[in-house]
Amino acid sequence: MFKSFYGWKIVWAAALINFFSIGLPFYAFSVFYIHLQEEFNASRFLISSTLSILIIAGGVFAPICGHLVDRYSIKKILSLGSLLFGLGLIALGFCQNYFQFLIVYGTILSLGITLFGNLSTAKLISFWFNKKNGTAIGYAALGISLSGVFIPPLAVYLISVFDWRITYMIFGAFIILVMMPFCRFFIINKPSEVNQNIDGAESSGDESLNTKVEIMDFWAIIKVPAFWILIIIFSLQFCANLGVYSHIFPYVTDLGFDIKKAGYAVSVGAFGAALGKIVFGKLIDIFSARITLWISIIIQGIGILLVSSFSSYNLLLLAVLAMSLGLGGSVPLMNILFSKTFSPVNFGKALGMAVPFMVPIQVVGGPLSGWLFDTFGNYDLAFSLNAGVCFIAFLFVFMLNVPSDKHS
């Protein structure tokens with residue numbers, strides 16, 4: 001049906017989906033932060049709890065969604081997820097108090113993101129790629145970071161023209177009117193549906209690889225030591241990220257810079273994370289998982305310390321770039337390592353099961369930094385603690401053993 005291998009179009013489609021599924025609720029939130037605080041007269045602790053509520057709810061939905069993506073059409077799951085996601089964004093514009101806002105974030109919006117996001121796109125790519133799965137996942141994950149480059153400035157512009165409520169409604173309408181049809185008509189579940197093979201191979205031999213792998217149940221997955229080590233490492237990295245990156249916008253304004261410069265700092269961080277996805281996607285093909293993770297965590301931790309040290313705007317941007325460069329590898333590395341450890345066949349189930357265990361650690365960072373700011377009037381202690389979290393993650397990498405991994 002198609003002359004060229006359709007798998008790479010799937011990769012860019014996945015990147016576009018990741019762009020909106022992460023960019024609108026996560027990267028754009030830092031721009032809405034101050035407006036929400038003023039509108040609802042809420043503390044930074046309460047505002048910071050929003051992304052934690054999103055993650056907690058995602059932890060509840062992830063095992064169910066992980067089971068769904070392993071069993072049903074990814075196209076239909078992405079289409080349903082985009083509808084729920086769009087409705088959730090629109091509903092945010094109608095919230096009359098912040099608790100209503102939190103309820104929307106933790107229910108319909110969270111479920112929509114879980115279905116219309118990384119879990120589904122990573123599983124989709126595993127249908128199309130085997131030998132090149134790591135590279136494909138890395139490129140698809142670029143959408144996550146690039147959304148942080150473009151969406152915050154767009155949100156700043158729309159809020160300045162309309163207001164924060166209308167801006168959320170515009171985002172929601174776009175998802176329903178554009179991305180839902182996009183998923184319905186552009187996504188193809190498997191190569192076999194268009195007479196193609198995994199990795200674009202000439203023969204169909206590679207496509208049978210997934211069927212030869214043992215399907216693991218809950219008990220078999222949790223007995224694998226790497227399952228728990230991966231949970232600890234990545235939840236600590238994400239915890240440190242939320243503890244710093246979700247506060248970058250207000251932190252920059254606290255230093256005396258205007259909101260445009262604060263929004264630009266958020267975009268620079270997203271650009272660094274985009275670079276990280278390319279860099280660490282390539283590094284894991286060269287080095288072992290252990291060495292690649294060490295490099296990622298060290299750069300992230302040092303970057304956090306530099307962010308808290310610099311008051312000069314240009315130096316601050318360099319520090320944000322370094323921090324996000326290290327963090328950038330976390331999502332593709334997580335997807336790749338779960339796929340390596342449990343095979344693409346069990347990927348959705350294993351990662352979906354991992355998310356609830358990651359949540360208790362992951363959600364602490366944002367609210368804790370907000371509470372420490374409310375208590376001490378600055379982010380000094382908060383950012384230092386998040387750098388320490390990176391050091392703990394660094395130590396746990398010593399225990400990691402991935403099947404068929406290179407020798408460290």
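In the predicted model, a polar atom of the serine 126 side chain lies 2.6 Å from the backbone oxygen of lysine 123; a polar contact is a pair of N or O atoms within 3.5 Å, where within protein one must be able to donate a hydrogen and the other to accept it, and residues adjacent in sequence count only if both atoms are side-chain atoms. Serine 126 belongs to helix α7, helices being DSSP runs of H or I with at least four residues, numbered from the N terminus. Serine 126 is buried, at a relative accessible area of 3% (buried means under 20%, with a 1.4 Å probe and protein chains only). Residues are numbered from 1 along each chain as its sequence is written, and side-chain values use heavy atoms, without hydrogens and water. Local features need pLDDT of at least 70 and side-chain atom pairs count only at pLDDT 80 or more, whereas totals for chains, interfaces and linings use all residues.

The serine 110 side chain reaches the backbone oxygen of leucine 54 at 3.3 Å. With neighbours within four places in sequence left aside, serine 110 is in contact with Leu54, Ala57, Gly58, Phe61, Val104 and Tyr105 (contact means heavy atoms within 4.5 Å).

Serine 73 caps the N-terminal end of α4, with a side-chain oxygen 3.3 Å from the backbone nitrogen of lysine 75. Helix α4 (residues 74–92) has 19 residues and spans 27 Å from its first C-alpha to its last, close to the 27 Å expected at 1.5 Å a residue; the expected span is 1.5 Å times one less than the number of residues.

Four cavities of 30 Å³ or more are found in the whole structure. A cavity is a set of points, on a 1 Å grid over the protein atoms alone, where a 1.4 Å probe fits but cannot get out, and lining residues have an atom within 4 Å of a point. The largest cavity holds about 890 Å³ of space, the volume being that filled by probe spheres set on the points. It is lined by 38 residues, of which Ile22, Ile55, Asn118, Phe238 and Gln362 are the closest to its centre. Helix α17 gives the most to this lining, with eight residues.

The mean pLDDT of the chain is 84, and 95% of its residues reach 70 or more (pLDDT is the predictor's confidence in each residue, from 0 to 100). Over residues 205–211 pLDDT stays under 50, and the model has 14 contacts beyond four places in sequence for them.

Terms used
Helix = DSSP H or I, 4+ residues; strand = E, 2+ residues; numbered from the N terminus. 1 Å grid on protein atoms, 1.4 Å probe; cavity = no way out; pocket = protein on both sides within 12 Å on 5 of 7 lines; lining within 4 Å. Buried < 20%, exposed > 50% of the residue type's maximum accessible area, 1.4 Å probe, protein only.
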